[in-house]
Amino acid sequence: MSTPQATAESQAHAPFLQHHFHEPVQQAEAAKIGMWLFLVTEILLFGGLFTGYGILRMLHPDAFHHGHTYLDRWLGALNTVVLLVSSFTMAMAVHSARTGERKRLVRFLLATLALAAVFLGVKYVEYSHKFHEGLLPGRFYSHKGDPVPGVHMFFSLYFVMTGLHGLHVVAGMVTIGWLLRRALRGHFSPAYYNPVEIAGLYWHLVDMIWIYLFPLLYLIS
Amino acid sequence: MTGANYLTETRGLRSWLFTLDHKRIGVMYLWSTLLAFFLGGVLAMLIRLELITPQKTLMDADTYNKVFTLHGAVMIFLFIIPSIPAALGNFVLPLLLGAKDVAFPRLNLASYYLYVAGAIMALASLVTGGIDTGWTFYTPYSTSTGGAVNLVTLAVFVLGFSSIFTGINFIATTHKLRAPGMNWFRMPLFVWGMYATAIIQILATPVLGITVLLLFLERVFGVGIFDPKLGGDPVLFQHFFWFYSHPAVYIMILPGMAIISEVIPVFSQRPIFGYRAIAFSSVAIAGVSFLVWGHHMFVSGQSVLASAIFSFLTFLVAIPSAVKVFNWVATMYKGSIRLQAPMIYAITFLLLFAIGGLTGLFLGSLATDVHLHDTYFVVAHFHYVMMGGTFIAFLAGLHYWWPKMFGRMYSETAARVAAALVFIGFNATFLSQFVLGSRGMPRRYYNYLPEFQALHVLSTVGSWVLALGLLIVAGYLLASLRRKPEAPPNPWGGMTLEWQTTSPPPTHNFLEQPVVDRGPYDFPPLETEEETVARSA
């Protein structure tokens, strides 16, 4: 076995160093590569939906145009601002972790969590309005009086795309909650903060996907 | 060997179920995928038995549809895709790199449990109605048929994550955990093959994920994206499906090629010919694989121009593939060839893969494909590539690394007999199907015209010989676990790092951190003819 003494020594300097890495930098870089690769898979996952959106919009241009008028673009814009600000607070959380300011880290993580909750709250208001009007996906669409056929296809994509994005927001909130717990226990320091950093990368991606969803769904003209 | 190794250091079921050791996870993957292969094999035998007569033999048509669907789904998603990367690759990749483990051991274990969960979901379909869509789940049939399609699509979604996690692990490990001195061109070619495979796993699998998810939503919520009645497009499903599933074919074959690149130099005791060409051809195959999916849809109403472009791009795949084959053959030239089990399978691979690859060109040509599409010719082609290629390479790798994994040697005589039976049985089973297909026997049919019976009987009898050969393999490999001789650290004279540690390796792989100062195939020079003459004189 590798000398237990050396292992114990490096453990004392870097408490979260896993046994198969030589040094914390190597571990942090590996984690970053892993997260970037995961983000690539996320982009391709949504990429399939964006492609489907492109094809169906090409097949039903009028239905998509009419469908988007049922969305409240001000609520969509509000949510865009909310997520952009949350990306800022997340970036500040990473910065605070890097500089070792624990209180600020906790505050910024809390702010990000709160903004994510606001986003989901707005989404809830929008969804319940759509449910009420019968603006539901595909087979369940029951809204009457559309001047063009096929509006249900717009709402199929609206719900699948925003629904999948919403699940990612929830996953991000769980991750940030976990970071918060670890931050409160004092796990993070300028020598070890890569969980905050890679969770930050994920959160920016969730934000970025919304940046694309907002014009594609709310701003068709 | 003395001292504790990864198999004996800790004991008990819990020490396996919660292990983070890449070797133990690899071994668990190995037994699980072999179990899946056994199940898929039994289903294949049932299919062949049913087809021995032109009419009903032992099952009705609905059951037959379910059996061939499950055979395909089990073999693809539960055996071929995970077998080499997640079972053998998990075990040897960190050893080949001189690392103590993969970059993310917990993700690795999560990958295994996702595999188990997906496998249970897929197999639960057996008792919840079965599925009869074929492993390709084409819409609109798959959105309208009954049975357990929902369960199986979710299983495929879960299995996709398992595959993605393995890919992420391998790329991060290759980048960050190479031993000191191991630069990119001192990496064994197996690692290059795994790296190329991981690229495809990461880029293609998410698209399959969203495709099966949309199929699931279509069935449950009627979202209509693939439903022409609601304004959707069923051909879009085929595009999505093959955008993953054609690259996935290379997820299956690249690891096989990676094994052959290890076995041939060691059993020829010659440096590999064209190291860089083989390394880059793996990456080239991975790249081109994303641009050829449309060749599955020549008769699905895509435009002639698109078909012509896809056909041309498909031919491009032949270039890096042929680069590999010629380099392997050139490596053997003037080598000191030892025909032991791994090498016998490697040569079998060369023969069968050549047939599988060349018949792929027939199918990639627009004019011949119209005639051969959805016939037994296609079935024979992909079995030559998937079974004659990947599975035979898997056997080569299994025989090559078995002594390292379990510390035991198997019976070489039994291995030779089995390899001969596998070769004869395989060719009898599938060469006949090329002929059947070119004469117009459609795939997936339950009944057929009487004039096809002779070849079907030949194919079925061939499947019995093949199964007998594989049972012998199972027999002597399992027997070796209970019997001596114990394996030495380096039974084959390999130069890569896994042979520098004990068999089986200790828990942390190496007692001392290996340092690399040469290439992976720098064998000592063979003696020249004059030297041989001088020595014997």
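Trainee: How many residues does the contact take from chain B, and how many from chain A?

Mentor: Please keep in mind that this is a predicted model. The contact draws 42 residues from chain B and 37 residues from chain A.

Trainee: How is the size of an interface expressed?

Mentor: The size of an interface is often given as the accessible area lost when the parts come together. Here, chain B and chain A bury about 3300 Å² between them, and 74% of that area is on carbon and sulfur atoms. On the side of chain B, B:Lys100, B:Lys176 and B:Ile210 supply 17% of the area buried against chain A, which is more than any other three residues.

Trainee: How many salt bridges does the rule find across the interface of chain B and chain A?

Mentor: The rule finds 1 salt bridge there. As for polar contact, the count between chain B and chain A is 10 residue pairs.

Trainee: Which helices of chain B each supply at least two residues of the side that touches chain A?

Mentor: They are helix H4 (105-124), helix H6 (149-176), helix H7 (189-221) and helix H8 (234-268) of chain B. The largest share, 13 residues, comes from H7(B). Sorted by class, the side of chain B that touches chain A has 26 nonpolar, 8 polar and 8 charged residues.

Trainee: Which residues form a nonpolar patch on the surface?

Mentor: The patch is formed by B:Phe38, B:Val42, B:Leu46, B:Leu49, B:Leu58, B:Val461, B:Trp464 and B:Leu471, with about 680 Å² of accessible area together. Helix H2 (22-50) and helix H15 (453-482) of chain B are the elements that give two or more residues to this patch. H2(B) provides the largest share, 4 residues, while B:Val461 has its place in helix H15 of chain B.

Trainee: Let us turn to a single residue. Where does A:Phe131 lie, and which residues does A:Phe131 touch?

Mentor: A:Phe131 lies in helix H5 (residues 102-133) of chain A. Leaving aside residues up to four places away in sequence, A:Phe131 touches A:Leu136 and A:Phe159.

Trainee: How many Å apart in space are A:Phe131 and A:Pro149?

Mentor: From C-alpha to C-alpha, A:Phe131 and A:Pro149 are 19 Å apart in space, and they are 18 residues apart in sequence.

Methods. Residues are numbered from 1 along each chain as its sequence is written. Chains are lettered from A and ligands numbered from 1 in the order in which they are written. This is a predicted model: local features need pLDDT of at least 70, side-chain atom pairs count only at pLDDT 80 or more; totals for chains, interfaces and linings use all residues. Side-chain values use heavy atoms; hydrogens and water are left out. Contact means heavy atoms within 4.5 Å. Buried area is the accessible area (1.4 Å probe) that two parts lose on being put together, summed over both. A salt bridge is a side-chain nitrogen of Lys or Arg within 4 Å of a carboxyl oxygen of Asp or Glu. A polar contact is a pair of N or O atoms within 3.5 Å; within protein, one must be able to donate a hydrogen and the other to accept it, and residues adjacent in sequence count only if both atoms are side-chain atoms. Ala, Val, Leu, Ile, Met, Phe, Trp, Tyr, Cys and Pro count as nonpolar, Asp, Glu, Lys and Arg as charged, and the others, Gly among them, as polar. Patches are made of residues with over 30% relative accessible area and no salt bridge: like charges are joined within 9 Å, nonpolar side chains (Val, Leu, Ile, Met, Phe, Trp, Tyr) within 5 Å. Accessible areas come from the Shrake-Rupley method with a 1.4 Å probe; for residues, only the protein chains shown count as cover.
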